[in-house]
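Please read the following briefing alongside the sequence and the three-dimensional model.

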Amino acid sequence: MQCLLPAEGEVFWLTGNAIKKAHTLLGQECDALVFDAHSGFDVNAFAAVSGTLRGGGTLFLLIPPLDAWAAFPDPDYRRFIPYPYQPEDVQGRFLQRLVRLLDGKEGECHSPLQRPSLVGANGVRPLQCKQSIAIQTIVHSISPVVLTADRGRGKSAALGMAASQLMAAGKKVLLTSPSRATVATVFKHAENPPPFFAPDDLLQTLPQGDVLLVDEAAAIPVPLLLKMLEHYPCCVFSTTLHGYEGSGRGFALRFQKELEARVAGWQAVRLHTPIRWAENDPLECFINRALLLDADVEAGVCNTPLHPFYRQLNRDELAHNEPLLRQLFGLLITAHYQTRPSDLRQMLDAPDISIHILEQQGVILAVALLSREGGFDAELTAAIHAGTRRPHGHPIPQTLTFHAKIPGAATLICERVMRIAVHPDWQNHGLGAHLLEHLLGFATHSGADYMGVSYAMTPPLLRFWERAGFVLARVGFRKDTASGSRSVVQVKALSAAAALLFKGL
């Protein structure tokens with residue numbers, strides 16, 4: 001292995017516990033990246049650090065023999081498999097698909113995937129014209145700016161350089177992002193780095209500022225972004241469209257629609273040209289395809305009235321149907337602000353998950369993911385109630401039994417709604433409620449005692465679930481730092497035993 005690495009330059013090794021610290025490398029660059037998947041193929045970390053490679057750099061992915069990798073009991077499975085399953089119980093659909101994609105590289109999987117270099121002959125990376133335009137737009141704008149780009153296009157660097165110019169002009173600049181680690185590149189390119197605030201801290205303290213820079217805005221819930229806009233009219237909302245966070249497309253659809261309704265004259269800037277590597281980079285294209293980072297929603301069906309067809313998807317078939325998988329995951333990305341590559345892996349591999357869709361003319365109009373939970377014996381349920389056991393992967397029965405103090409809730413079988421999403425072109429047409437009716441029918445016929453859901457509470461969501469007959473079982477005491485809202489748990493009884501258990505709610 002050592003003989004394949006460059007004699008000069010920066011090499012990042014990610015193996016064992018170092019993989020858990022992959023986020024600390026964001027904003028840095030390397031000439032070679034070694035990712036050891038034997039200790040667990042953390043797909044979020046893999047997607048994130050792949051963007052640290054410079055043009056001409058090489059990615060080394062260390063894996064078991066390719067024909068045996070899909071059957072490998074990956075330690076990373078412990079992230080999402082529920083009790084009492086073990087890594088050996090996972091079928092490995094995600095890895096089977098990844099192996100097929102690697103085989104499709106016509107032998108490239110047996111040699112390093114390299115990035116073409118974009119560095120000039122003098123060793124200096126040129127400032128792109130569009131990047132200069134973005135900086136000047138930020139510096140001179142008196143209205144909100146939305147800056148979007150794929151990874152490696154110089155977005156965060158532009159924010160840093162713009163911050164320097166603004167502060168040199170006497171402006172007080174504030175910086176926020178989902179985590180401090182994600183703004184390392186902003187600090188690197190700012191001569192005088194602006195003060196950083198976590199989103200929840202920013203909105204609680206509301207420090208004085210002339211310009212607010214919001215990096216990786218897609219990973220922050222839209223309601224929080226709108227609150228920032230209310231207090232800081234001159235905001236720059238910057239985000240990665242196709243990144244490891246996997247949420248940029250949803251941001252573009254949902255937030256910009258809200259911005260259009262609230263502010264006239266806001267400006268949009270898009271950076272297209274890669275800075276760290278050349279266009280049509282083979283590694284970037286492969287990772288986007290393998291992890292569906294660039295998945296998008298299909299255009300809506302134009303025919304009216306709607307006649308959606310319901311069906312439950314077979315996950316073995318789904319893993320082999322690339323167009324359907326891309327469409328489905330693209331819809332999930334659009335609907336949720338924290339969809340990541342690990343969600344793709346969990347959706348394909350986690351035991352006891354079922355996938356349900358409404359479709360018309362080949363277009364998925366709505367999708368829902370269910371997870372079967374609970375069904376524990378009396379001894380384990382008593383231990384959960386006492387707080388001495390917390391079996392992994394059963395959040396609703398566990399919350400009801402321990403936090404809500406509903407004895408016996410974990411002995412019953414729950415179908416938890418993990419995700420439910422409606423195509424953005426067909427929202428407010430009753431499709432969510434229509435799909436939920438099918439979900440309740442599926443849960444009843446498959447022997448579930450009740451259906452549960454947990455989410456960050458907003459009035460529209462609360463009304464949706466209440467209209468479907470769900471009742472509040474628990475409201476969180478603290479506001480979630482990611483969503484800015486309290487989490488709630490709602491349930492709907494499907495059996496006589498559950499109806500008796502939830503009678504007092």
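A salt bridge here is a side-chain nitrogen of Lys or Arg within 4 Å of a carboxyl oxygen of Asp or Glu. The model is predicted, so local features need pLDDT of at least 70 and side-chain atom pairs count only at pLDDT 80 or more, while totals for chains, interfaces and linings use all residues. Residues are numbered from 1 along each chain as its sequence is written, and side-chain values use heavy atoms, with hydrogens and water left out. Helices (H or I, at least four residues) and strands (E, at least two) are DSSP runs numbered from the N terminus, and buried means under 20% relative accessible area, exposed over 50%, and partly exposed in between (1.4 Å probe, protein chains only).

**Salt bridges**

- The structure holds 18 salt bridges, and one network of them links Asp42, Asp74, Asp76, Arg79 and Arg345.
- Within a salt bridge between Asp74 and Arg345, the closest N and O atoms are 2.9 Å apart. Asp74 lies in the loop between strand S3 (53-62) and helix H2 (93-103) and Arg345 in helix H12 (residues 341-349), so the pair ties together parts that are 271 residues apart in sequence. Asp74 and Arg345 are both buried.
- Asp316 pairs with Arg93 in a salt bridge whose closest N and O atoms are 2.8 Å apart. Because Asp316 belongs to helix H10 (residues 315-320) and Arg93 to helix H2, this pair ties together parts that are 223 residues apart in sequence. Asp316 counts as partly exposed at 37% relative accessibility, whereas Arg93, at 7%, counts as buried.
- Glu373 and Arg416 meet through their side chains in a salt bridge of 2.4 Å, N to O. This pair links distant parts of the chain, 43 residues apart, with Glu373 in strand S13 (residues 363-374) and Arg416 in strand S14 (residues 413-422). Glu373 and Arg416 are buried.

**Nonpolar cores**

- A nonpolar core is a set of buried Ala, Val, Leu, Ile, Met, Phe, Trp, Tyr and Cys residues joined through side-chain atoms within 4.5 Å. The largest has 60 residues, of which Phe41, Leu328, Met347 and Val367 touch the most other members, and helix H11 (residues 322-335) gives the most to this core, with seven residues.
- Taking contact as heavy atoms within 4.5 Å, and not counting residues up to four places away in sequence, Leu328 touches Leu313, Leu318, Met347, Ile355, Ile357, Ile364 and Val367.

- Five of the five residues of strand S5 (residues 145-149) are buried, so S5 is largely enclosed by the rest of the structure. Val145, Leu147 and Ala149 point one way from the strand, and Val146 and Thr148 point the other way.
- Two strands pair if DSSP finds at least two bridges between them. S5 pairs in the parallel sense with strand S9 (residues 235-240) over five bridges, where Thr148 stands opposite Thr239.
- S5 also runs parallel to strand S10 (residues 267-271), to which five bridges join it, and Leu147 has Val269 as its bridge partner there.

**Helix H15**

- The expected span of a helix is 1.5 Å times one less than its number of residues. The 15 residues of H15 (residues 431-445) should therefore span 21 Å, which agrees with the 21 Å between its end C-alpha atoms.
- Buried residues in H15 include Leu431, Leu435, Leu439 and Phe442, and just after the helix Gly447 takes a positive phi of about 90°.
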